[in-house]
Amino acid sequence: MKTIKNILFASLLMVAFTGCMNDFDEPVFLNNPPYGNNSIGEANMTISEFKEKYREQLLASMPTEITEDIILQGVVVGNDETGNIYKQIVISDGNDAIIIGVNTSGLYAMLPIGQAIAINCKGLDMGGYCYLPQIGVRYNTEKYGIQIGRMSKEVFEEHIKLIGTPGEFGEQTPLDITEDYLANKANKDLCPIYARLNNVQFKEADGEALYAPGEEIAERTVKIGKQEIIFRISNYADFAKETLPTGKLNIKGVLTRYKTNSKDVWQFIFTSTADITPAE
């Protein structure tokens, strides 16, 4: 009898313990993610509206502090998982995209591709690095003076909130880039854009060339019609010493620009080689 009672008591303890475990399961994490600032409210402006309203400030090399209560929302479409994107994430809200600079590595651990976030922009800076709009903080350089730079991890965590779980909002649809789109110089001011290049091939691909063979960042080139796009591949990328794929390809990533006094070129960045697939 004593043995039966002991078994029943142990069973009841197990049920109670399991019930307690369920009480502390997903709802606690989903409502209180262990990263970021959960007090940030809902988005009150789209990325397109933000870029249109502050076009001049976002293109200017001198950063401007954001003093209005602006909250943007987007899904991560570019991060530092493979090392090809450095201390940045790119978010897209389905229509437009923006770069956020953060002075830390390993961002992908909490912000994988497909994770939605809200960012409270008030108190941060906006500006254009070589006319490429981004959100960050200002910093002073000896050569170029005050520039838009990367915020600290602590500042970043105070200004962002995770929303839902990775992939919950579905896969973002990239803009299919055409020759006509690239030929219109005004479109460069719209960068960055989550985009897809269709049926392109790397000029340098010969079956032996690597993504980034040396100790410096490598430039690889594709063309859509007569329009050229430069890929800057980091020698720190996990795939840097892999063979550059040959043949016609579809490439998904972020279309950017790089403008100086002497040139204004299209550039393209991507997170991993999973973003590159054979064209059908």
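Is Glu 219 buried, partly exposed or exposed, and at what relative accessibility? At 40% relative accessibility, Glu 219 counts as partly exposed, where buried means under 20% relative accessible area, exposed means over 50%, and partly exposed is in between, with a 1.4 Å probe and protein chains only.

Before I go on, a word on the source: this is a predicted model, in which local features need pLDDT of at least 70 and side-chain atom pairs count only at pLDDT 80 or more, while totals for chains, interfaces and linings use all residues. Residues are numbered from 1 along each chain as its sequence is written, and side-chain values use heavy atoms, with hydrogens and water left out.

Let me stay with Glu 219, whose side chain meets that of Arg 232 in a salt bridge at 3.3 Å, N to O; the term stands for a side-chain nitrogen of Lys or Arg within 4 Å of a carboxyl oxygen of Asp or Glu. Because Glu 219 lies in strand β12 (residues 218-224) and Arg 232 in strand β13 (residues 227-233), the pair ties together parts that are 13 residues apart in sequence. Helices (H or I, at least four residues) and strands (E, at least two) are DSSP runs, numbered from the N terminus. Arg 232, at 34% relative accessibility, is partly exposed.

Lys 252 forms one with Glu 171, the closest N and O atoms being 2.9 Å apart. This pair links distant parts of the chain, with Lys 252 in strand β14 (residues 249-259) and Glu 171 in the loop between β9 (160-163) and β10 (175-176), 81 residues apart. Lys 252 is partly exposed, with a relative accessible area of 21%, whereas Glu 171 is exposed, at 64%.

A further salt bridge joins the side chains of Lys 53 and Glu 68, at 3.3 Å from N to O. Here Lys 53 sits in helix α3 (residues 47-53) and Glu 68 in the loop between β1 (64-65) and β2 (71-78), so that distant parts of the chain, 15 residues apart, are linked. Lys 53 is partly exposed, with a relative accessible area of 46%, and Glu 68 is also partly exposed, at 35%. There is also a network of salt bridges that links Arg 55, Lys 188, Asp 189, Arg 257 and Asp 264.

Now to strand β4 (residues 97-101), which is mostly covered, five of its five residues being buried. In a regular strand the side chains alternate between the two faces of the sheet. In β4, Ala 97, Ile 99 and Gly 101 point one way and Ile 98 and Ile 100 the other way, and all are buried.

What does β4 pair with? Strand β3 (residues 88-92) and β4 pair in the antiparallel sense over five bridges, a pairing being called when DSSP finds at least two bridges between two strands. Ile 91 has Ile 98 in β4 as its bridge partner, and in the hairpin of β3 and β4, with four residues between the strands, Gly 94 takes a positive phi near 100°. Strand β7 (residues 132-141) runs parallel to β4 and is joined to it by two bridges, with Ile 99 standing opposite Gln 134 in β7.

Finally, the cysteines. A search of the whole structure finds zero disulfides, that is, pairs of cysteine sulfur atoms within 2.5 Å. Cys 121 is buried at 0% relative accessibility, and Cys 130 is buried too, with a relative accessible area of 19%.
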